[in-house]
Amino acid sequence: MPDRLTTQRTSQSSFDPLNVSLQPPPNETEEEKTLRLEAARKAVQVSRNIDAGLAESRKAMDRKKRAVKILLLGQSESGKSSVLRNFRLAFTPKFFETERLVWKTVIHLNLISSIKKILSVLQEEWEALEHDAPDAPNDTPLSSEHRRLALSLSPLLAFETSINQLIASDSSSGGYTVTVRPGGGWKDKISSFGRSASAPASPIDKSADPSQVMQVLAACKDEIIALWEDTAVRRLLNARGVHLQEDAGFFLDDTARVAAIDYVPLDRDIMRARIRTLGVEEHRFITESGFRAGTEFFITDVCGSSSQRSTWIPYFDDMQAILFLAPLAFWQSLDEDKNVNRVQDSLEIWREIVGNRLLAKTAFILLFNKKDVLQAHIAAGVPVKKYVPSYGDRPNDVASVTKYFRDKFSAYHRKFSPVPRPFIFYETEAIDTKSTAIILGEVQEQIIRNHLKDLDVIFTHAGERI
Ligand SMILES: Nc1nc2c(ncn2[C@@H]2O[C@H](COP(=O)(O)OP(=O)(O)OP(=O)(O)O)[C@@H](O)[C@H]2O)c(=O)[nH]1
Ligand SMILES: [Mg+2]
């Protein structure tokens, strides 16, 4: 009885070369026939798999086209990753919850980084004393008690090195900022320790176990507080220009809470944790809550360091919106170049980005982030004119400073945009999750509304409706 494949083939045109090649050879044995049919079945299966794969990738492309794509830009430490964390807290709270304990390890590393800085200042002081002539006057504020404290805290440094080796990129070792390998793999590495019931195999593994760090931190809690609250240590830090309170990821004032064994990071702690983004990270998620729950987002977060900005360009294509983070830290220079004022740097990037033709259809949303830090500096009387002479004799208050810089950003936006587009601007404080959630809700709504409008146009032209 002819098989189905043979029947189909014979019913088609005999001029089809494929058809001809699939014809059974003359004098085919039963065994050859079985093999041939098996090969044909496999070929059909392969072809179906390819079709399914193509359909799947077409669907994925279509999904990506409909998804909302946002690019976070701005200099290093402007708050891009913090805004992303706020986004996840506001719109994917269940997912956010699954990562809460991972942040505990990052916060512990931030705390140890601050301790490491204090210990290195103490060490420098002791080394300077050793190099002084024996009869030189010894006016160091440090005593043997400081040596004891430093010694008792030194094991923390070994833990920090081990955990960094576990999660960090090769280029980051030895610094004070937590830097992880690109992608989310580092989070799995931290979580896997918590999940594993068995003890780690080697001593290095053991010291990289975040729960071990937790134990040691809890045991050293009183020494950490004593060191940080010591007036001689504070004086020495001031004398050397080390202002830890101004550092990103500063948790020394919260040691009693953060180093407690049962510490669970608060939302605000997670927003204050510092972890430098390396490379470009694309985060895809579907919103669980909010006005338009179920919307798919692709949010791309980048590294803001000057040397990494060329890596942003490939991600310009097909973005609905750019959230541009620009803290008004007029008193600060870039870490990577002390001669460049931070606000001037933000303005330069802004000018280039708004003028980029690849982004002509992209909405720009400017966030003057770190509003709280600006308020604190203005309240402390830091004069804008000293750092930005063109500010002149305008009033040294938050409203005037904000207006001054907003006008500059707005003028660049108007002058350099390839097409006219609205200037959208917010003042934000990414460590305040409530106010940030409200702003992100508005931003999300604007972006989605524009995106749906665009999609409608695209799909109507193509003859299909979404
Ligand atoms: N006080 C205050 N701190 C903030 C605010 N926004 C962000 N931070 C902190 O600033 C530090 C840097 O923020 P990130 O979000 O890591 O900065 P980033 O732009 O992603 O930096 P890179 O990854 O290096 O490009 C973190 O410790 C944040 O907690 C804010 O509005 N106020
Ligand atoms: Mg970042």
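Author: Helices α6 and α12 are roughly perpendicular to each other, because their axes cross at roughly 85° and an angle of 65 to 115 degrees counts as roughly perpendicular. The model is a predicted one. In it, α6 covers residues 100-131 and α12 covers residues 231-239, and the two axes come within 10 Å. On the side of α6, the contact is formed by Ile118, Val121, Leu122 and Glu125. On the side of α12, Val233, Leu236 and Leu237 take part. Sorted by class, this contact of α6 with α12 comprises six nonpolar residues, no polar residue and one charged residue.

Helix α16, residues 371-379, and helix α18, residues 398-416, have axes that come within 10 Å and cross at roughly 125°. That angle makes α16 oblique to α18. The crossing in which α16 passes α18 is right-handed. From α16, the residues in contact are Leu374, Gln375 and Ile378, and from α18 they are Val398, Val401 and Thr402. By class, the contact of α16 with α18 holds four nonpolar and two polar residues, with no charged residue.

The metal site comes next. The magnesium ion, ligand 2, is coordinated by Ser81 through OG and by Thr277 through OG1, at 2.1 Å. These two residues bring together distant parts of the chain, being 196 residues apart. Ser81 belongs to helix α4, residues 80-91, while Thr277 lies in the loop between α14 (267-272) and β2 (280-286). Both Ser81 and Thr277 are buried.

Helix α4 also contains Ser82. Ser82 counts as buried because its relative accessible area is 14%, and buried means under 20%. Leaving aside residues up to four places away in sequence, Ser82 touches Met271 and Ala430. Glu77 is found in the loop between β1 (68-73) and α4. With a relative accessible area of 25%, Glu77 is partly exposed. Glu77 is not a glycine, yet its phi is positive, at about 70°. Most residues other than glycine have a negative phi.

Asn27 is another residue other than glycine with a positive phi, in this case near 55°. Asn27 is located in the loop between α2 (17-22) and α3 (30-66). The relative accessibility of Asn27 is 77%, so Asn27 counts as exposed.

Gln215 sits in helix α11, residues 210-229. Its relative accessible area of 47% makes Gln215 partly exposed. Between Gln215 and Ala260 there are 45 residues of separation in sequence, and their C-alpha atoms are 8.7 Å apart in space.

To return to the opening part, α6 and α12 are roughly perpendicular to each other, and Glu125 of α6 is among the residues that make their contact.

Notes:
Residues are numbered from 1 along each chain as its sequence is written. Chains are lettered from A and ligands numbered from 1 in the order in which they are written. This is a predicted model: local features need pLDDT of at least 70, side-chain atom pairs count only at pLDDT 80 or more; totals for chains, interfaces and linings use all residues. Side-chain values use heavy atoms; hydrogens and water are left out. Axes are lines fitted to C-alpha atoms, for helices over the stretch in contact, and angles run from 0 to 180 degrees between N-to-C directions. Helices (H or I, at least four residues) and strands (E, at least two) are DSSP runs, numbered from the N terminus. Angles under 35 degrees count as roughly parallel, over 145 as roughly antiparallel, 65 to 115 as roughly perpendicular and the rest as oblique. A crossing is left-handed if the near helix is turned anticlockwise from the far one by less than a right angle, and right-handed if clockwise. Contact means heavy atoms within 4.5 Å. Ala, Val, Leu, Ile, Met, Phe, Trp, Tyr, Cys and Pro count as nonpolar, Asp, Glu, Lys and Arg as charged, and the others, Gly among them, as polar. Donors are N, O and S atoms within 2.8 Å of the metal (3.2 Å for Na, K and Ca); water is not among the atoms, so sites may look incomplete. Buried means under 20% relative accessible area, exposed over 50%, partly exposed in between (1.4 Å probe, protein chains only).
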